[in-house]
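Please look through the structure below. This report then walks from the inside of the fold to its surface.

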Amino acid sequence: GTRAAQHDCDVNNVIIFSGKVGINNTNGANRLQGVHTWNLAGSNGGTGILLHSGAGRVQQCYLDYAPLVIRSDAAAAAVVQGNLFLGTSTIVLEARKWRAKLRALVITGNIFHSWGKANRTFLLDETHGSFDSVTDTVVENNEVTAIVGAAKKLGTRATLSTQMFPGTQSTAIDFSPALIFGSKVGIAEESVRCTMHAPAWATAVSSWVNTPSNVVNVWLAAPVPLTLPSGANIVCTVDQSTRSANAH
């Protein structure tokens, strides 16, 4: 493997063959681009790329059956973009202290292409710590192949819908299967957006989260009319990350 300990390094267009850890990056100013980690598989204890301090840039890399591990005790300040995760490779977010506050992590535009047995796109490792909150973090627009399936695709943002039948006035949507972090981090309540869709009928919609939780509760100002046999469709979008600034 390779250890990128110096700052301002640019590792470009290389193949890492063999080794338990493909690249151990210890400095957040480094960029790894076009790296193919072809080392010991994750199922045998290998790691493709380790962001030792939780920071750095991993772009257009190819992780071949070995995971990308982002080790963080606070601010991550990492960008993971445009990479291919083949087979059982995945992204592991590893907490290194209790009640760690993850910040400034961007993971987007990656492809998870599994062969054989599929795995979840993201895994949380809280063996040596735990994640308490998430701020200024974006994990979305990552795509999976059919064998991975929608059930194993995770993010910090998600959109779900549910049907409300005639006569009902409230419902609850559990986002846990779609979100990376559990109810301990929960949903940023200010991020919740819910809309109702029904033919020729409208009413006010309110929503709230019993924090910390990954469940959104929805209440209609009036029950769904019995004259609507198909009921009403509720669509909610949420984000687990809070924002330190108003600008997106």
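This is a predicted model. Start with Leu68. Leaving aside residues up to four places away in sequence, Leu68 touches Ile49, Leu51, Val58, Leu63, Val80, Phe85, Thr90, Ile91 and Val92.

**The cores**

Leu68 belongs to the largest nonpolar core, which has 31 residues. Leu68, Ile70 and Ile91 have the most contacts inside this core. At least two core residues come from each of strand 7 (47-51), strand 10 (68-72), strand 11 (75-81), strand 13 (91-95), strand 14 (100-108) and strand 17 (131-135). Strand 14 gives the most, with four residues.

**A patch on the surface**

Now move outward. Ile15, Phe17 and Trp38 form a nonpolar patch on the surface. Together they have about 390 Å² of accessible area. Ile15 lies in strand 3 (residues 15-17), while Trp38 sits in strand 6 (residues 36-38).

What does Trp38 touch, not counting residues up to four places away in sequence? Its contacts are Ile15, Ile16, Phe17, Ser18 and Asp64. Trp38 and Ala66 are 28 residues apart along the chain. Their C-alpha atoms are separated by 7.8 Å.

| Residue | Relative accessible area | Class |
|---|---|---|
| Ile15 | 56% | exposed |
| Trp38 | 47% | partly exposed |
| Ser191 | 17% | buried |

Ile15 has a relative accessible area of 56%, and exposed means over 50%. Ser191 has 17%, and buried means under 20%. Trp38 has 47%, so it falls in between and counts as partly exposed.

**A buried serine in a loop**

Where is Ser191 found? Ser191 is in the loop between strand 21 (170-174) and strand 22 (193-197). Ser191 is buried, although it sits in a loop. Setting aside residues up to four places away in sequence, Ser191 touches Thr237, Val238 and Asp239.

Methods
Residues are numbered from 1 along each chain as its sequence is written. This is a predicted model: local features need pLDDT of at least 70, side-chain atom pairs count only at pLDDT 80 or more; totals for chains, interfaces and linings use all residues. Side-chain values use heavy atoms; hydrogens and water are left out. A nonpolar core is a set of buried Ala, Val, Leu, Ile, Met, Phe, Trp, Tyr and Cys residues joined through side-chain atoms within 4.5 Å. Buried means under 20% relative accessible area, exposed over 50%, partly exposed in between (1.4 Å probe, protein chains only). Contact means heavy atoms within 4.5 Å. Patches are made of residues with over 30% relative accessible area and no salt bridge: like charges are joined within 9 Å, nonpolar side chains (Val, Leu, Ile, Met, Phe, Trp, Tyr) within 5 Å. Accessible areas come from the Shrake-Rupley method with a 1.4 Å probe; for residues, only the protein chains shown count as cover. A salt bridge is a side-chain nitrogen of Lys or Arg within 4 Å of a carboxyl oxygen of Asp or Glu.
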